[in-house]
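Hello,

Here is the structure we spoke about. My notes on it follow below.

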Amino acid sequence: MSVSVRIVLIVIIGCGITVQKESEKGEPSIKPSIAIVGAGISGLSTARRLIELGIDDFDIYEGLDRIGGRIHAIPYKDGFLQMGAQFINGAENPLYKIANRLGLIADVVSDTAHVDNAHFAFGNQNVREEDIKTFLDFTSKLDPKYRSIAKHDEKTARRYTFKEIFTLDYMHFLKTQNFTETQKNVFDSLARSFRSYWEFEWAADWSTLSVHVLKEWNDYGPECESFATNRIGFKGILDDIAAPIPRNAFNFNSRVENINLNSNTGKIQLTVNDHLVPTEYDYVIVTSSLGVLKKYHHMMFTPPLPRQKIEAIEKIGFGGSCKVFFEWDQPFWSNNTYSIAPLPVRGMISDKLDAFEEETTILQVVDWAPNVLSAWYAGRGHQLVDNMSEEELKQRMTRLMREMYNDNGIPPPSKIIRTQLTKNELLLGSYSYMTQVQALSHISHSQLAIPVKLEGRPKIMFAGEATHHRLFQTTIGGYLSGRREADRAVNDWFGTRYGFNQTNKTEMEDVSLINEKRNVPYISQPITSI
Ligand SMILES: Cc1cc2nc3c(=O)[nH]c(=O)nc-3n(C[C@H](O)[C@H](O)[C@H](O)COP(=O)(O)OP(=O)(O)OC[C@H]3O[C@@H](n4cnc5c(N)ncnc54)[C@H](O)[C@@H]3O)c2cc1C
């Protein structure tokens, strides 16, 4: 790899760049050896970008036996049940463009549609519709209020979690009128739906979720709105991104246990499934989820990661939000049902509600499979259902539906389709969020993107949804971060050594631009060394 190269020809094709080289003595061109850890959307977009940049020889190590990671589309009838990503946040991003080109966008939806259009099911409990309305009037003002706090009162936003700020508002609401104990119990049940809305949205227990997330996260689109994909959805998007990647680049069922950077040679060696891989890499791009990094970083990296990186790994949140699909042979709900909000009330159905009753707050009808309900569980609900057996889930759901529909004839669901993300050692949860401790420490998600450097040059790089400064959580953030790190490697290899300067607009520029535009001085620039 020490052959001198004189001329670097840069051919810009469309939005991509192809790099051709010619050595002084006509030796074969030299390209860096690159390994990618993970074949989720970030790993695939890294690979895709490398190909655009003229590098088609790289290795992808994926612990699972499939691509997609947290995007997981399971075939069902004439479509796919999306266990993971299903919506696209905004139109100002490349994933929307891919989905639109492939005809995969079904609809524009409000983030609150499942609550706004819910059928509140409370069986023969003495719940009055006007009490539901009173509560929904109260909560309808909170979303805009919290967004306004996040925008205009940064100190308060950083200081409070959603649970804390809601509790203050809720106490105030209860004091405004002389509500009866029964009414308060109904409001408590409805407050669970409100909690779940935030917890689903941000995959977080709301007692740790910072209000500041509403400022930090930004898809540049209208607030509270996203695009729903159709019955093919992310299966189509993933296949499209993966299409040009050579099949022999993929090593499935290959878990990377250790990434060892040799400080003398600058080369990186991987231990995969207990074996040292003979190839020595110039760059390794890690796309493991933040959950995996939290649990395994101390074993995965030699030497250990720098202190600042570990601090970011520890303080940035990684939470739970999952879907459990319940199939019935025939729907027991009416044809025009959009979603069902079961409303067991303490003091009515029983003196004390159990965790399953408290966490089952929304079941949404799958529009193209109307005999299937998608139940969303988030926060502590995710762990709860992951720890339940299928039989237990079936029994508990049947009992709840019979009580809430006051109909003992409702049969048990015929099938349950779920993935138990928290139990998958290669994923370990759903997506990242902003914790209160992170907001108070002024740590941006972009801190996770800072590469491990040797003599000022990036060696081990980090992509993945959790590394994106404004679109963390999302497939878009994952996609953009993969391209960012491919650019970083190629820029370093050709730019530093051979005067190659990238000319297209990259995610790296996007990061600094946004920080400048939003005047957020604390965001650490992701391209500095630690
Ligand atoms: C229920 C749910 C709903 C969601 N809904 C949406 C949505 O509507 N819209 C949206 O945009 N996003 C959504 N998301 C989030 C989105 O799915 C993720 O942000 C995105 O898929 C993350 O991609 P990634 O490539 O960064 O990480 P991953 O998908 O986790 O990919 C990383 C890959 O690395 C592999 N890996 C990890 N460690 C190792 C190792 N040591 N060795 C080898 N392989 C390893 C993993 O197996 C995995 O395949 C949702 C997620 C969930 C769970």
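Domain bounds here come from an automatic or database domain assignment. This is a predicted model, in which local features need pLDDT of at least 70 and side-chain atom pairs count only at pLDDT 80 or more, while totals for chains, interfaces and linings use all residues. Numbering starts from 1 along each chain as its sequence is written.

The ligand: its shell takes in residues from both domain 1 (5–68 + 234–315 + 442–518) and domain 2 (112–223 + 321–423), so the ligand lies between the two. A residue counts as near a molecule if its C-beta atom, placed from the backbone, lies within 6 Å of it. There are 39 residues around the ligand, and Gly38, Gly40, Ser42, Gly69 and Ser430 come nearest. Helix H1 (41–52), strand S18 (321–327) and helix H17 (475–498) each give two or more residues to the shell; helices (H or I, at least four residues) and strands (E, at least two) are DSSP runs, numbered from the N terminus.

The sheet: three strands form an open sheet in the order S7-S10-S8, with antiparallel pairing, where strands pair if DSSP finds at least two bridges between them. Strand S7 (87–88) and strand S8 (105–110) are at the edges with a single partner strand each, so one side of each has no neighbour in the sheet. S8 pairs with strand S10 (residues 225–229) over five bridges, and Ile105 is opposite Thr229 in S10.

Regards
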